[in-house]
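Please keep the sequence and the coordinates open while reading.

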Amino acid sequence: MTARLSYGPMHSDLALLDASRVDPLRTLALQARDGESVAFTQLYERTREQAWRVLYRVVGHSPDLEDLLQEAYVQLMKALKGYRGDSKVTTFLHRVCVNVGLMHLRSKRRRPEETTDDVPDTESAPETSNPERAAEVKQAAVLVQQALATMSDDKATVFAYHDLLGLKPEEIADLVDAPVNTVRSRLNRARADFTVAVSKLKGRGP
Amino acid sequence: MKHVSHEQLWNYARAELPADEVASVAEHVDACVACFSTLEDVRAAQRTLSLLPEPPPMPAALAHRVGSNLADALDSRQAQRWLSWFPSMPRWSWAALAVGSLAAAAWLAVHSPPVAVPPPPVVAEVVEPVVVPPVPALPKLTATVASAKHARSGTAALGKSQVVHEGSSLSTEKGGSLSPPRR
């Protein structure tokens, strides 16, 4: 537990030191923050699969995934400057990846002519034997991405955390720095917006 | 008639509604066209979400490429960190550095002990060995002194001008004497 002590910076640093002993990722993040490139490389090696899964959940199968993953770690590199070791690195990484993914969906919505979804990418394509099922899955992914792009920033973020990544409201509260009840009410409004957006995109809505 | 909230419809469609609420929601939806329609939309949205595939494992080649690019970015970032230190210095700091350097040089010039001028280095004369060319062998002159008496008088003159070297002996046909030239 990384309780903030009110005795002064020394006690606070000791608390963080204890926390870094528990979490090796935290130690690596603190070392990377202080300019150790080897630590950042190790951090990437240990967290890349997680980051990949988060990005894939948000943006779906896309040839832009490689660029987005790289962008996420560049953002992480910058964000680590302000990292004090008082939050989990995976929390930090989730936040960065979701932000990068949602930004990508919004920029795609603003510039639909630049979409790259039709570009075949066999390297990371999911394997399916049923073409109908594959088309249905692809259509669902496009719908989710388009619906997310129409939602406001805070609602889309909470929705992505809960319904795409499966995080609990308590975990989301830590990520968005808001009370749990605020997260729950925001999630309900986000689901309503998502339902309306999907309905419209399917041509069923008003 | 009060409609069912979206939250209740979402949980009802997922069978996550508390048991004591299920009957009342079901009853309302059966009677309310608007809520029934919304419930259909909720089910469509949930089905869309359920169709999303599980992320496949990250391709190894992609992971390697991103790792290499990040390593390059880290290298250039560290290089920029060094380079950025210089432009970040304000102009006055450069001026202060120059004035400080000049002041230090002046102080050193005033306070440093006089430097003894070392004597010029003695250049040892290099005596090159003189190669004496071999003296060409002179033509051997033969002299026949008629008599020792004439030779000692030294009054006789040579008939022809001849170079007489020391140790040479010379004679004339007429019996003149000779003596080696004195230097």
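In which helix of chain A does A:Thr27 lie? A:Thr27 belongs to helix H2 of chain A, which covers residues 24-33.

**Confidence in chain A**

- The average pLDDT of chain A is 83, and 80% of the residues score at least 70.
- Over residues 1-17 of chain A the pLDDT stays under 50, and for this stretch the model has 12 contacts beyond four places in sequence.
- Residues 115-120 of chain A likewise stay under 50 in pLDDT, with 10 contacts beyond four places in sequence in the model.
- Where pLDDT is low, the predicted coordinates should not be read in detail.

- Although A:Thr27 and A:Gly85 are 58 residues apart in sequence, their C-alpha atoms are 8.1 Å apart in space.

**Helix packing in chain A**

- Two packed helices are described by the angle between their axes and the distance between the axes.
- Helix H5 (residues 89-110) and helix H6 (residues 131-150) of chain A pack at an angle of about 90 degrees, and their axes are 9 Å apart; H5(A) is therefore roughly perpendicular to H6(A), because angles of 65 to 115 degrees count as such.
- On the H5(A) side the contact is made by A:Leu102, A:Leu105, A:Arg106, A:Lys108 and A:Arg109, which meet A:Gln145, A:Leu148, A:Ala149 and A:Thr150 in H6(A).
- Sorted by class, the residues in the contact of H5(A) with H6(A) comprise four nonpolar, two polar and three charged.
- Helix H8 (residues 169-176) and helix H9 (residues 180-201) of chain A cross at roughly 100 degrees, with axes that come within 8 Å, and H8(A) is therefore roughly perpendicular to H9(A).
- From H8(A), the residues A:Pro169, A:Glu170, A:Ile172, A:Ala173 and A:Val176 meet A:Val180, A:Val183, A:Arg184 and A:Arg186 of H9(A).
- The contact of H8(A) with H9(A) divides into six nonpolar residues, no polar ones and three charged ones.

**Positive phi in loops**

- Most residues other than glycine have a negative phi.
- A:Asp177 is not a glycine, yet its phi is positive, at about 55 degrees; A:Asp177 is found in the loop between H8 and H9 of chain A.
- With a relative accessible area of 71%, A:Asp177 is exposed.
- B:Ala15, also a residue other than glycine, has a positive phi near 60 degrees, and B:Ala15 lies in the loop between helix H1 (6-13) and helix H2 (19-31) of chain B.
- B:Ala15 counts as exposed because its relative accessibility is 69%, where the class begins over 50%.

**Chain B as a whole**

- Chain B contains six helices and zero strands, so that, read from the N terminus on, its elements run α-α-α-α-α-α.
- Of the 183 residues in chain B, 22% count as buried.
- Among the contacts in chain B between residues at least 6 apart in sequence, 52% join residues at least 24 apart.

Key. Residues are numbered from 1 along each chain as its sequence is written. Chains are lettered from A and ligands numbered from 1 in the order in which they are written. This is a predicted model: local features need pLDDT of at least 70, side-chain atom pairs count only at pLDDT 80 or more; totals for chains, interfaces and linings use all residues. Side-chain values use heavy atoms; hydrogens and water are left out. Axes are lines fitted to C-alpha atoms, for helices over the stretch in contact, and angles run from 0 to 180 degrees between N-to-C directions. Helices (H or I, at least four residues) and strands (E, at least two) are DSSP runs, numbered from the N terminus. Angles under 35 degrees count as roughly parallel, over 145 as roughly antiparallel, 65 to 115 as roughly perpendicular and the rest as oblique. Contact means heavy atoms within 4.5 Å. Ala, Val, Leu, Ile, Met, Phe, Trp, Tyr, Cys and Pro count as nonpolar, Asp, Glu, Lys and Arg as charged, and the others, Gly among them, as polar. Buried means under 20% relative accessible area, exposed over 50%, partly exposed in between (1.4 Å probe, protein chains only). pLDDT is the predictor's confidence in each residue, from 0 to 100.
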